[in-house]
Amino acid sequence: MEYVRKGSTIILRLERGEEVVSALKELQKKENVLSASYSGIGATDNATIGVYNTAEKRYEATQLTGDMEIAALNGNLSRTKDGEPYIHAHAVLGRGREAHAGHLNAAIISATAEIFVFVTDIAVSRRADPETGLNVFEFQND
């Protein structure tokens, strides 16, 4: 992972073999990011995406292998109540005329990934929402 930061913008490049979600978590720790949004593109050959089953309140994961473009990588960084990094990632992965989209659990980079991270100074944590079963934003009133 290589990156450069200027003010509230971080430009990140991931290399072959690096995993996207864990790299974002590492970056969040290194740069002490409270919250941020990000957007990126790249290539993967091994990824797990999920779609949330609202009736059962759980993600249904799908493992994907083979060369795929990361046509869209979007999400946000926040913190848990304990202050640990929390990565919320969505992706559109495609090859040929086939595309898969959903919550990104993991993606191993097969060539490169280019990600722009837009940092804020707003403290955002997560709380469990009993109605949906999701970890939703909880805003800090400072």
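Buried residues, meaning those under 20% relative accessible area with a 1.4 Å probe and protein chains only, account for 37% of the 142 residues in this predicted protein model. Residues are numbered from 1 along each chain as its sequence is written. Because the model is predicted, local features need pLDDT of at least 70, side-chain atom pairs count only at pLDDT 80 or more, and totals for chains, interfaces and linings use all residues, while side-chain values use heavy atoms, with hydrogens and water left out.

Let's look at the fold. The protein has one helix and eight strands, where helices (H or I, at least four residues) and strands (E, at least two) are DSSP runs numbered from the N terminus. Their order along the sequence is β-β-α-β-β-β-β-β-β. Contacts are pairs with heavy atoms within 4.5 Å; of those between residues at least 6 apart in sequence, 64% join residues at least 24 apart.

UniProt, in an unreviewed entry, places "domain: PPC" at residues 4-140; its annotations may be inferred rather than shown by experiment. Here are some values for that stretch:

| Feature of residues 4-140 | Value |
|---|---|
| Helix | 8% |
| Strand | 69% |
| Distance between end C-alpha atoms | 28 Å |

Aspartate 67 sits in strand E4 (residues 58-79) and counts as exposed because its relative accessibility is 62%, the cut-off being over 50%. Leaving out residues up to four places away in sequence, aspartate 67 touches Thr44, Asp45 and Arg95. Its C-alpha atom is 27 Å from that of asparagine 53, 14 residues apart along the chain.
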